[in-house]
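Subject: Structure handover

Hello,

Here is the structure I said I would pass on. My notes on it follow below.

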Amino acid sequence: MSDVIVKTTNLTKNFPAKKGIFRRSNGCIYAVHDVNLEIPEGKIFGLVGESGSGKTTIGNLLVRLIEPTCGRIQLNGQDILDLKKSEEIHFRRKVQMIFQDPYESLNPRLTVYETVAEPLIIQEKRSMHGNEKELLYALESAGLTPPQDFLYRYPHELSGGQRQRVAIARALIIRPKFVVADEPVSMLDVSIRVSVLNLMLELKDNFGLTYLFITHDLSIARYMCDWLIVMYQGKIVESGNTEEVIQHPLHPYTRALISAVPIPDPMVKRRRVELSEAMEDTSKPPLRCRFYPKCETRSPICEREYPEFNDKGHAHFVACHGV
Amino acid sequence: MAVLELKSLEMSYKTQEGTVRAIDGASLRVEKGDTVGIVGESGCGKTSIGLSILRLLPPNATIHGGQILFKGQNLLSLSGKDMRRIRWKNISMIFQAAMNALDPVYRVGDQLIEALVEHQNLTKKQASDKMEAVFQLVGLDPGRARNYPHEYSGGMKQRAIIAMSLICDPDIIIADEATTALDVLVQDRILASIEKIKAEFSMTMLYISHDIAVISEVCNKIAVMYAGNIVEHGDTMSLFKAPLHPYTQGLMHSFPKIHGKLERLEGIPGEPPRLTDSSPGCRFFPRCQQSLKKCNSIRPEFKEIEENHWVACHATRRSL
């Protein structure tokens, strides 16, 4: 197996919960709890789960948009949480992010040139002018052809797909190693999505990138990812090789999730797994299995202790007492 | 007689950038008991079709051609008062932003009762019984009828909206992206309820969505829209087995699959056109890989190519 580029140890993030008319802080939401990840270099690592499962929080933690409550994050073996200010700029160079909404992630007052050149100006202390060559190359790599037509346009003149390509060019111009892509195609039109996904696959090979690919769409995760992690309410419930997890899901939550994906083939009749609507309260620490209230195969032990994360062979891990 | 029939409907919006031809000659028949899916990308005019049928268009929109026939009666020639009688009682709608379609200051149950009292001359008691029956039908606990919308989860609000659309026993329901903003497990439960309701009442529906997978599960007929035109229309089986329009074929190759062989997808090159530009030819021409010379200058006719399979494309040959 290839080298590990990003590693997290007991990564935890609690958000303060505010209640009542005075917004007094009482307790907290356990958004991400005790997450251990090892992201292998050169792979696409998928993070799937429903809204509120903590997948975006993990993405934001890994690029240090937010600070964890506790736990460690390492990049190439170096702890990124206690970097000095002078080292931080090198970290930002290696790690970039592509956001979900290209209508909000680009500054409407900056031209494409200014947007894409900004990382160069900050990272390499360059001046605004004279970066045309690199910019043209970055835009062309991101599939904006001919690139010179796009340099002096503003975001409002671009379509959603083109904006997302600008965001990709901006992320790649300083040659990062690790890219967090948080739902990069969910705001795009169906016919545009595939071309952006294919572009990301190409860029991975051409630039030697590693992606953390966050999505709620299991079909897209299957198309993109080498490895898959399934999250449920702040905890990892299952991880493994993508095909292995999707063809042979072990955790009852993963099984329900996969059975709920509509199939675009009228000949196939899908078998539904019906789950109860009961939900665990995320403002309590996960002492018992988070999936307990919904689970059909639960047993008394599931209520007493949180299941450990165990290898079931072929590097397929699952956190469930019943498996 | 069809429950609903659109005959070369034309509708446009006046905007600062010019006139947007949102629906550019759309024809469609919905027979009793059918669930017809309208599938297409954002901006293709699928929501505008729903709003035109109910005549709920914003002030900058005008319908300037065609007919909308509801049981043979042209809705476009009705007075506002007559239209109000038909709306909700005969044609109801499940809106896209379901989260915002409930009034936050009224109890959910009362909002349903209000619709009943308005349209059906029932007593408070009868209305309340009916409301409870419909609540159960969509899988909501009638005990929650006294709650306010903010006490509901997203999936429950969506169920309440579906209950609302059913409450007056309409002849047809128009569902616009009824499950789009929901998580996949919640979506699945809503789809199960919709299927149950369809089976129990042989409900007629027009189901609008961008997601061809959802459409293929819910609908027995499909209309594919592109840039204001319906480009293909047929029953779900034949449309999936042999899609005829190049856009439909491209759309089928734009969705990754969760089962079966993993293959590289090609999608559709280019971008949808701006609807302010008017070209005499086929709207799909700039992105089409099967185009002929005349496609750029002559708009293809919407023709029945096989039995009950309609296509607007010069490159598709007639096999009838």
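Helices (H or I, at least four residues) and strands (E, at least two) are DSSP runs, numbered from the N terminus. The model is a predicted one: local features need pLDDT of at least 70, side-chain atom pairs count only at pLDDT 80 or more, and totals for chains, interfaces and linings use all residues. Residues are numbered from 1 along each chain as its sequence is written, while chains are lettered from A and ligands numbered from 1 in the order in which they are written.

Most residues other than glycine have a negative phi, and most peptide bonds are trans. A:His314 has a positive phi, near 55°, and sits in the loop between strand E11 (310–311) and strand E12 (317–318) of chain A. A residue is buried if 20 or more other C-beta atoms, placed from the backbone, lie within 10 Å of its own, exposed if 12 or fewer, and partly exposed in between. A:His314 has 10 C-beta neighbours inside 10 Å and so counts as exposed.

B:Trp88, also not a glycine, has a positive phi of about 75°. The loop that holds B:Trp88 runs between helix H2 (80–86) and strand E6 (91–94) of chain B. B:Trp88 counts as partly exposed because it has 19 C-beta neighbours inside 10 Å.

In chain A, the peptide bond from A:Thr145 to A:Pro146 is cis, with omega near -10°. A:Pro146 belongs to the loop between helix H4 (132–141) and helix H5 (160–172) of chain A.

Contact between the chains

Two residues are in contact if their C-beta atoms, placed from the backbone, lie within 7 Å. On that basis 30 residues of chain A are in contact with 31 residues of chain B. On the side of chain A that touches chain B, helix H6 (190–207), helix H7 (218–224) and helix H9 (252–259) of chain A each supply at least two residues. H6(A) gives the most, with six residues. By class, this side of chain A has 17 nonpolar, seven polar and six charged residues; here Ala, Val, Leu, Ile, Met, Phe, Trp, Tyr, Cys and Pro count as nonpolar, Asp, Glu, Lys and Arg as charged, and the others, Gly among them, as polar.

Domains of chain B

Chain B is divided into domain 1 (4–90 + 170–311) and domain 2 (101–169), with bounds from an automatic or database domain assignment. Their C-alpha centres lie 29 Å apart. The contact takes ten residues from domain 1 of chain B and 14 residues from domain 2 of chain B. Helix H6 (residues 184–201) of chain B provides five residues, the largest share of the side of domain 1 that touches domain 2.

Helix H4 of chain B

Helix H4 (residues 124–137) of chain B has 14 residues. Which residues of H4(B) are buried? They are B:Ala127, B:Met131, B:Val134 and B:Phe135. Seen down the axis of H4(B), these buried residues fall within an arc of 105° (taken over the directions from the helix axis to the C-beta atoms), so they line one face of the helix. The buried residues of H4(B) pack against helix H3 (108–120) and helix H5 (154–166) of chain B. The face turned away from the buried side of H4(B) carries the exposed residues B:Lys125 and B:Gln136. Just after H4(B), B:Gly139 takes a positive phi of about 85°.

Regards

Notes
The expected span of a helix is 1.5 Å times one less than its number of residues.
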